[in-house]
Amino acid sequence: MNTPPDIIKRDGKRPTESFKREKLHHSVRAACLSVRSPEGEAETIAHKVSDAVISWLETKPEVTSHDLRRKATDILESFHPEAAYLYKHHRLII
Amino acid sequence: MDIISSFAIVAFAALIHASFQLSVSMLTLLSGHAIGAKTSHNRLLRLTCGFLAGVGVMTMLTISFICLMFQKSFGEHAPYIAWAVACGLLLGLGVAVWAFYYRREKGTSLWLPRGLARYLSDRAKVTKLSSEAFGLGLSSVVAELIFIFAPMVIAGLVLIQLEPMWQLLGIALYTVISLLSLLIVYALIGSGHRLSRIQKWREDNKRFLQFASGAGLLVLGFYVYVDQIVTATTLAQGGF
């Protein structure tokens, strides 16, 4: 990926920021760990999801954080449905 | 009112309190962030214990404060008007729980304003010490006060009629029963259950929990109204 696309934050209230692979990697890894996946498996899944999301972003100059999360959830779903469930719903718990 | 009836009402009010979900949601979030950050199991238990202690202490303080205020204002027997207001509160809140306790969206989003929900969620994420978890537990009770106030008021009105020793036991009973749902989640997390399954169960059953909480408030309100107002006034009119 040459230039990372801009991520438009939730509701457009906060300023946009460039896509950061490590941020996505960290959140997917945390979702896998929180459903008690082994650390190695969580790392592998986070790598695969990050790679797939980056290839999806290739042609896009900017995306919303909501779309990014939705796409990451869809990809995570195929590797670990339970982690995907928590990843998708983490803002809808309270 | 005899001791058994009093304790039954206090226990039922506490069960209704236990069915409210804000503290459970916060405990789920707190545990999720802690497990996701590779926190050790002992530290996870310390954090969740701290949260549980915070909720317990704040519940006990609030119910004790309500009892104290009632005792100072009414002595041992509350006037009919106090019972009528408390029953009205229960009935009104019962309908309110049915109408908007959960938001009409996926997940277990509660009635809380989104700004406050985001703040609590962010606080749960950055909580690393048991003392912070304790504070979070305290604030979760305060945040849900609007709904738990009515069962606490009824428990308070019932408890002031008892001897001081029984009052203390009643407060302890209320606190322990109101913590039951949290204790169950705590035990499940502590024994290694997956958070996703706990959260999925909560989401699948949220409408039933909502119905049970609302119905519990209505039943309690109706029972107390009949027991404390209708029966008492009928007996008084009959010259008993």
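Let's start with Lys38 of chain B, which is partly exposed, with 13 other C-beta atoms within 10 Å. A residue counts as exposed at 12 or fewer such neighbours and as buried at 20 or more, so Lys38(B) falls in between. Please keep in mind that we are looking at a predicted model. You can find Lys38(B) in the loop between H2 and H3 of chain B. What is its phi? Near 60 degrees, a positive value in a residue other than glycine. As background, most residues other than glycine have a negative phi.

Arg36(A) is not a glycine, yet its phi is positive, about 65 degrees. Look for Arg36(A) in the loop between helix H1 (21-34) and helix H2 (39-57) of chain A. Is Arg36(A) buried, exposed or partly exposed? With 15 other C-beta atoms within 10 Å, Arg36(A) is partly exposed.

While we are on chain A, let's walk along it. Chain A has four helices and three strands, and from the N terminus on the order is β-β-α-α-β-α-α. Its radius of gyration is 13 Å, close to the 12 Å that the globule rule gives for 94 residues, so chain A is as compact as a globular protein of that length. Along the principal axes, the C-alpha atoms of chain A fill a box of roughly 35 × 35 × 20 Å. Of the 94 residues, 34% count as buried. Now take the contacts in chain A with a separation of 6 or more: residues 24 or more positions apart account for 55% of them.

Next, how do the two chains meet? On the chain B side 25 residues are in contact with 14 residues of chain A. Helix H2 (22-36), helix H5 (114-126) and helix H10 (195-204) of chain B each supply at least two residues of that side. Which helix gives the most? That is H2(B), with seven residues. By class, this side of chain B has nine nonpolar, 11 polar and five charged residues.

Last stop, a pair of helices within chain B. Two packed helices are described by the angle between their axes and the distance between the axes. For helix H3 (residues 41-74) and helix H6 (residues 130-143) of chain B, the axes come within 7 Å and cross at roughly 40 degrees. H3(B) and H6(B) are therefore oblique to each other. The crossing of H3(B) past H6(B) is right-handed. In their contact, the residues divide into 14 nonpolar, nine polar and one charged.

Thanks, everyone!

Note on methods
Residues numbered from 1 in each chain as written. Chains lettered and ligands numbered in written order. Predicted model: local features only at pLDDT ≥ 70, side-chain atom pairs only at ≥ 80, totals over all residues. Contact = placed C-beta atoms within 7 Å. Nonpolar A, V, L, I, M, F, W, Y, C, P; charged D, E, K, R; others polar. Rg over C-alpha atoms; globule rule 2.2 N^0.38 Å. Axes fitted to C-alpha atoms, helices over the stretch in contact; angles between N-to-C directions. Parallel < 35°, antiparallel > 145°, perpendicular 65-115°, else oblique. Left-handed = near helix turned anticlockwise from the far one by under 90°.
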